[in-house]
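This report walks through selected local features of the structure shown here. Please keep the model open while reading.

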Amino acid sequence: MVIKVFLASSSGSTAIKKKQQDVLGFLEALKVDYAPLDIACNEDNRMWMRENVPVEKKPTNGIPLPPQIFNEESYCGDYETFFDAKEDNAVYAFLGLPPPPGSKEAKEAEKAFILENGPVKNGTVENETVESETVENGTDDAEDEENLEAEEVEEENLDDDSLKREVPMDFNGDEHTHEVGGETGEEAAEEAAEEDAATEEKVAKEEEEAVKDTEEAAEDTKAPVKQEEAQEEVEDDEAKGEDDQPVSEGEEDLGSEEEEELRQLEEEEEAPEQEEEDE
């Protein structure tokens with residue numbers, strides 16, 4: 001099988017030239033045999049390429065651009081599909097060639113095969129070997145499945161019995177049996193609603209207690225302030241009372257004596273002056 005790469009040797013497009021070089025360089029790196037076919041100098045190559053490119057792969061104008069890749073006469077794809085295959089390590093699958101042993105693509109293909117069919121041993125699939133051994137030993141898969149189902153049923157019955165537990169006494173002192181798994185959806189909903197109501201009531205009480213504690217703390221803080229204010233008012237009243245007290249009679253007599261002495265001194269000073277004026 002020969003890989004055919006249709007090229008345009010005299011293309012004036014830099015993008016087309018770069019794509020062609022990318023394809024050829026990668027094929028050479030993989031050591032894949034290919035045949036470059038020039039459509040610029042050979043009309044037959046150009047017509048063959050245009051006729052064999054699938055309609056859905058052609059652009060809107062109906063003229064496919066190089067590079068176009070074929071495996072003999074089977075269409076592989078254009079540069080975009082080649083680039084995607086290169087990114088996915090699937091170039092050999094893109095070209096329709098078996099990957100060489102030891103390559104990344106070969107290893108990935110082997111992993112995919114193992115995931116689908118199981119590991120391979122001595123050239124055969126291990127799953128097939130295991131099945132043949134079980135048939136030779138006379139074991140039947142159907143019987144094994146039936147046995148497993150019977151064991152599962154017994155385990156379920158045991159689980160149902162274990163779910164039931166005896167409650168010695170209820171709140172009224174009566175003995176009764178309570179089945180864990182026997183409650184209906186309505187009873188479970190009622191219990192959940194009661195639990196929610198109890199929780200809300202508890203939260204409300206805690207909030208009220210917190211508010212009371214806050215108010216008491218505020219009152220305790222205000223009490224010393226009020227006492228200080230009352231003490232200051234008492235001191236102010238005492239100071240005002242001292243200022244407003246009436247003058248005693250003894251103090252009034254002292255004041256009048258002082259005024260009398262001042263008056264006599266003034267008269268004694270004025271007397272000599274009056275005599276001088278009379279002379």
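## A residue in strand β3

N71 touches M1, V2, I3, C76, L95, G96 and L97, leaving aside residues up to four places away in sequence. Contact here means heavy atoms within 4.5 Å. N71 sits in strand β3, which covers residues 68-71. Helices (H or I, at least four residues) and strands (E, at least two) are DSSP runs, numbered from the N terminus.

Is N71 buried or exposed? N71 counts as buried because its relative accessibility is 7%. The cut-offs are under 20% relative accessible area for buried, over 50% for exposed, and partly exposed in between, with a 1.4 Å probe and protein chains only.

## Basis of the model

This is a predicted model: local features need pLDDT of at least 70, side-chain atom pairs count only at pLDDT 80 or more, and totals for chains, interfaces and linings use all residues. Residues are numbered from 1 along each chain as its sequence is written, and side-chain values use heavy atoms, with hydrogens and water left out.

## The whole chain

The protein chain has nine helices and eight strands. It has 279 residues, of which 15% count as buried. Take the contacts in the protein chain with a separation of 6 or more: residues 24 or more positions apart account for 48% of them.

## Helices α1 and α3

How do α1 and α3 pack, and at what angle? The angle is about 45 degrees, and the axes of α1 and α3 are 11 Å apart. That angle makes α1 oblique to α3. Axes are lines fitted to C-alpha atoms, for helices over the stretch in contact, and angles run from 0 to 180 degrees between N-to-C directions. Under 35 degrees counts as roughly parallel, over 145 as roughly antiparallel, 65 to 115 as roughly perpendicular, and the rest as oblique.

The crossing of α1 past α3 is left-handed. That term applies if the near helix is turned anticlockwise from the far one by less than a right angle; clockwise is right-handed. On the α1 side, K19, D22, V23 and F26 take part, meeting Y79, E80, F82 and K86 of α3.

## K86 in α3

K86 lies in helix α3. K86 is buried, because its relative accessible area is 18%. Beyond residues up to four places away in sequence, K86 touches D22, F26 and V91.

Which side chain makes a polar contact with that of K86? The partner is the side chain of D22, at 3.4 Å. A polar contact is a pair of N or O atoms within 3.5 Å; within protein, one must be able to donate a hydrogen and the other to accept it, and residues adjacent in sequence count only if both atoms are side-chain atoms.

## Backbone features

A cis peptide bond joins P66 and P67, with omega about 0 degrees. P67 is in the loop between α2 (43-52) and β3.

Two residues other than glycine have positive phi. For K31, phi is near 60 degrees. K31 belongs to the loop between α1 (14-29) and β2 (34-38), and K31 is exposed at a relative accessible area of 74%. For N89, phi is near 55 degrees. N89 falls in the loop between α3 (79-87) and α4 (91-95). N89 counts as partly exposed, at 32% relative accessibility.
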